[in-house]
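Have a look at the model first, then read on.

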Amino acid sequence: MAEIPTDDTNNSPEQQTNDAFSLVFRKPIDSKIAEQLISDLLIEDLPRYQIKHPTMTINPIYHANGDLLAIDFGIPLTKALKRQIGEVIKLKYYKITGIDPSTEKERPMTFTDLLGTYRIKLTRIYIPILICIGISTFLAWLTSFPADVEINGATFPDENNAGEILLNGLIPVILSAVFITVLWLLIKKFGIIVFKVIMGILVVFYTWYGILFFATILGGVLQNSLPVNLGLVIYIAYLVIIIGSAIVLLIMGYLFFKNRLGVKQKNILVLLYGIFMGGLIGLYFPMWTTFSFAIFLSIWDLITVFKGPLGKIAGMLQEGQAQAKENLDNQVARGEYTKEEAQEISQFSSLQNQDIPDEELKDHYKEMEIELGSGDLILYSALVANVFVNTLKATESLFHTWISTIFVIVGVLSGAALTIYLLITKRRMLPALPFSMFFGIAMFFISKLFLLLF
């Protein structure tokens, strides 16, 4: 923000406003930021203030260049009310720009600034996992059976050749390792913002691609099963879904890059991404190749989190998170924010940064929140969807299919539970795939033994 020009008397806010009615900013607010700020005040705050002050209005006063100089509220402002409104504006400015108006320093980037994790209370972590698994499995079934669409993305088609199965699983993992390594090199050169930009673009694009793919599948199924005279209605609905979803996703992407996408909206987007990509990957490989892929990816997950680029990226974000928490604590101590306002700004504190003694963790776990990676949601869903579809193809028995699927779900959830337990007790970032993938695959074979015995 630039200083108020002292030589421009025509634009001096003191000459255009009544100090008793107005809040004059120490420095002008950029016009683009001011537009969002005034909009938020009108929508979110003015109705609340008008309950006690019915004649209150919001009349922004601008510099000739469009910057916001002051706001006239149309009523005399007491010192307490002026301070309260000032804190509200400071908080909104911080949330819109990511810059603290008191220090003019940019807030360190944390996990909450990225579009690739689903934030959820620790005690509710199974909700997004089960939603993702259930819908992904349904979409995979819809594609394979009612639509009768066959997809095989394996490099080598022979599922009876162990060498080819291993290669089919290893090749995409190598590509993933190359991608994350190149990403890390870009982050080292240009900063963590690279990660935010690339993940944001990928999540928005592949969510729309998933909508396009499965809407096409559903449209084909409906065309074949409903009366012919409804064909035009189905086609119009299809276009509305495709075009409408593209518009909505572009708006959400814009809000994300402007740091204005709320937590709930971000969670919805990440959940959709996990559902559609889980369904697609569940369809993409034959079952043995999927198992091979899941095992190799779990091994790579261990390496990259503990010794590789993903762990280094996470370390940068955790450092930013710790710094952001320290900054907020200092501002609360100085009286710049209340504890409630600081909580609204941060909204999340990682286990590594929480000042909770180990012996007291059990008393706080119900309030803890964690960030569940979109990649974890995708792989959990893909494994279950793949087992369901391929078991049904092989056995043509819903009983055998459901038994195998339920066993795999139990394995995946058990692995997630063990990971969470270690996350709480060890207080460090852990790979979420290994336990769930290994337990899920092991439970598949146990289900086969169960069916043989019973």
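Lys196 sits over the face of Phe256, 5.1 Å from the ring centre; that label needs NZ of Lys or CZ of Arg within 6 Å of the ring centre and within 35 degrees of the ring normal. Keep in mind that this is a predicted model, where local features need pLDDT of at least 70, side-chain atom pairs count only at pLDDT 80 or more, and totals for chains, interfaces and linings use all residues. Residues are numbered from 1 along each chain as its sequence is written, and side-chain values use heavy atoms, with hydrogens and water left out.

**Charge over a ring**

**Aromatic pairs**
- Searching the whole structure gives 17 aromatic pairs; rings of Phe, Tyr and Trp (its six-membered ring) pair if their centres lie within 6.5 Å, and planes under 30 degrees apart count as stacked, over 60 as edge-to-face and the rest as tilted.
- Trp288 and Phe291 make an edge-to-face pair, 5.6 Å centre to centre with 85° between the planes.
- Both of these residues lie in helix 9 (residues 287-306), three residues apart, about one turn of the helix; helices here are DSSP runs (H or I, at least four residues), numbered from the N terminus.
- Phe291 is buried at 4% relative accessible area, while Trp288 is partly exposed at 36%; buried means under 20%, exposed over 50% and partly exposed in between, using a 1.4 Å probe and protein chains only.
- Ring pairs also tie Trp288 and Phe291 into a cluster with Phe444 and Phe445.

**Nonpolar patch**
- Leu232, Tyr235, Ile236, Leu239, Val240, Ile243, Ile247 and Ile251 make a nonpolar surface patch of about 770 Å²; patch residues have over 30% relative accessible area and no salt bridge, with nonpolar side chains joined within 5 Å, and a salt bridge is a side-chain nitrogen of Lys or Arg within 4 Å of a carboxyl oxygen of Asp or Glu.
- Val240, one of the patch residues, is in helix 7 (residues 231-257) and is exposed, with a relative accessible area of 55%.

**Helix 13**
- Helix 13 (residues 374-395) has 22 residues and should span 32 Å at 1.5 Å a residue, which agrees with its end C-alpha atoms being 32 Å apart; the expected span is 1.5 Å times one less than the number of residues.
- Of its 22 residues, 18 are buried, so helix 13 is largely enclosed by the rest of the structure.
- Glu396 follows helix 13 and has a positive phi, near 55°.

Technical notes. Helices (H or I, at least four residues) and strands (E, at least two) are DSSP runs, numbered from the N terminus. Patches are made of residues with over 30% relative accessible area and no salt bridge: like charges are joined within 9 Å, nonpolar side chains (Val, Leu, Ile, Met, Phe, Trp, Tyr) within 5 Å. Accessible areas come from the Shrake-Rupley method with a 1.4 Å probe; for residues, only the protein chains shown count as cover.
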